[in-house]
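Q: I would like to learn how to read packing features from a model. Could you walk me through this one?

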Amino acid sequence: MTEVPAPDPDGAVLAVDVGGTTMKGSIVDGAGRIQHSVVVPSQTETGAEPVDAVRALCRRLRDDALARGVVPAGIGVVTPGIVDETAGVVRYASNIRFRDVPLRALVEDDLDLPVGIGHDARAAGIAEAVAGAGRGLDNFLLLPLGTGIAATVVVHGAPVPGTTWSAGEVGHMPVFPGGEPCSCGQRGCLEVYASAGGLARRYARLGGTPGRDSRAIAAAVESDPLARSVWETATEALGIALATLTLTLDPARIVLGGGLAEAGAQLFDPVRETLGAALAWRDAPDLVPSAFGTTGARIGAAILARRAAGLAVPDGWGALAPVHS
């Protein structure tokens with residue numbers, strides 16, 4: 001049997017970000033640069049179990065690395081949902097149909113590598129703390145605005161997981177009590193109005209042009225009254241939620257990431273206005289875009305992989321990664 005070479009102790013790792021629509025995997029070198037990426041659907045046409053698709057992507061990424069002459073030191077896999085990072089188990093993730101999945105054990109068996117398992121938003125928060133918009137801050141919030149919304153609460157430099165590993169599920173904060181129904185069973189949740197997925201679904205449900213995603217809706221605000229109304233409601237809901245989080249946690253900074261944050265001033269200006277107006281007796285914290293955009297969760301996964309492999313993660317590691325990959 002051919003002997004597999006040992007990994008460079010300061011070398012590359014693999015990083016996988018599992019989303020509700022797509023899964024993104026990358027080879028990240030020892031300096032924190034993404035060298036190769038793969039994007040595949042989360043739901044396969046064959047009807048295979050989503051966990052099998054995740055495992056297949058991990059194996060493919062390992063094989064791609066070896067074909068490039070790179071022997072990875074470890075792998076990090078991050079998912080949405082309730083993730084028990086200590087046990088390496090995804091307790092529940094509705095978008096990817098995971099319930100009590102022992103993901104660390106499965107990937108270890110497949111790849112024979114050290115494996116770090118984490119929550120996607122918390123992993124993105126780790127990346128921001130090490131090398132991004134939260135660098136040097138003890139306390140900040142990160143909200144990736146994607147298919148859903150989950151916040152990373154960083155206190156004293158570390159993400160807070162919560163008693164049941166579900167801290168930061170702010171997408172289900174009721175911003176408009178008695179409002180529109182959410183898939184979680186509640187009404188008026190932030191996610192219904194201000195996530196990229198929720199905004200698109202709401203626009204379509206109210207009679208908007210079929211097939212428009214959040215980017216297209218943002219682009220149509222000036223010419224389409226419904227797009228403008230849906231957008232204004234989204235920014236109001238987000239500003240209200242951020243005011244509540246500010247009064248509860250007193251963060252030094254709030255970082256917005258995910259696809260919706262790419263709208264720039266069109267999103268940030270009205271959210272800042274609503275946030276400031278809701279805080280009558282104190283100043284609002286800084287509200288800034290993520291340094292990593294859509295790659296934050298993968299850089300966080302790479303950091304988890306390095307830690308699982310016993311490798312150092314210097315301050316600023318990952319800062320050279322592209323915002324999109």
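Q: Are F176 and Y193 buried or exposed?
A: Both F176 and Y193 are buried, where buried means under 20% relative accessible area, exposed means over 50%, and partly exposed lies in between (1.4 Å probe, protein chains only). Before we go on, a note on what you are looking at: this is a predicted model, in which local features need pLDDT of at least 70 and side-chain atom pairs count only at pLDDT 80 or more, while totals for chains, interfaces and linings use all residues. Residues are numbered from 1 along each chain as its sequence is written, and side-chain values use heavy atoms, with hydrogens and water left out.

Q: How many aromatic pairs are there, and how should I read one?
A: A pair of aromatic rings is described by the distance of the centres and the angle of the planes. Rings of Phe, Tyr and Trp (its six-membered ring) pair if their centres lie within 6.5 Å; planes under 30 degrees apart are stacked, over 60 edge-to-face, and the rest tilted. Here the count is one aromatic pair. The ring centres of F176 and Y193 are 4.9 Å apart and the planes stand at 85 degrees, so this pair is edge-to-face. F176 sits in the loop between β11 (158–159) and α4 (190–194), and Y193 is in helix α4, so the pair ties together parts 17 residues apart in sequence. Helices (H or I, at least four residues) and strands (E, at least two) are DSSP runs, numbered from the N terminus.

Q: What does R202 touch?
A: Contact means heavy atoms within 4.5 Å. Not counting residues up to four places away in sequence, R202 touches E180, V192, Y193, V230 and T233. R202 belongs to helix α5 (residues 196–205) and counts as buried, at 10% relative accessibility.

Q: How many residues of α5 are buried, and what covers them?
A: Seven of the ten residues of α5 are buried, so the helix is mostly covered. They are A196, G197, G198, L199, A200, R202 and Y203. The cover includes α4, α6 (214–219) and α7 (225–249). Just after α5, G207 takes a positive phi of about 105 degrees.

Q: How many disulfides are there?
A: A disulfide is a covalent bond between the sulfur atoms of two cysteines. The rule applied here asks for a pair of cysteine sulfur atoms within 2.5 Å, and the count comes to zero. C182 is in no disulfide; its nearest cysteine sulfur, that of C184, is 3.7 Å away. Seen from C184, that separation from the sulfur of C182 is too far for a bond. C182 is buried at 12% relative accessibility, whereas C184 is partly exposed at 39%.

Q: At what angle do α3 and α9 pack?
A: Two packed helices are described by the angle between their axes and the distance between the axes. Axes are lines fitted to C-alpha atoms, for helices over the stretch in contact, and angles run from 0 to 180 degrees between N-to-C directions. Helix α3 (residues 120–131) and helix α9 (residues 296–308) pack at about 80 degrees, with axes 7 Å apart. That makes α3 roughly perpendicular to α9, as angles under 35 degrees count as roughly parallel, over 145 as roughly antiparallel, 65 to 115 as roughly perpendicular and the rest as oblique.

Q: Which residues meet where α3 and α9 pack?
A: From α3 come D120, A123, A124, I126, A127 and V130; they meet G296, A297, I299, G300, A301, I303, L304 and R307 of α9. By class, this contact has ten nonpolar, two polar and two charged residues. Ala, Val, Leu, Ile, Met, Phe, Trp, Tyr, Cys and Pro count as nonpolar, Asp, Glu, Lys and Arg as charged, and the others, Gly among them, as polar.

Q: What is A297 in contact with?
A: Leaving aside neighbours within four places in sequence, A297 is in contact with D17, V78, D120, A123 and A124. A297 is buried, with a relative accessible area of 10%. The C-alpha atoms of A297 and A124 are 4.1 Å apart in space, although the two residues are 173 apart in sequence.

Q: Where does R97 lie, and what is its phi?
A: R97 lies in the loop between β6 (89–93) and β7 (98–101), and has a positive phi of about 55 degrees although it is not a glycine. R97 is partly exposed, at 47% relative accessibility.
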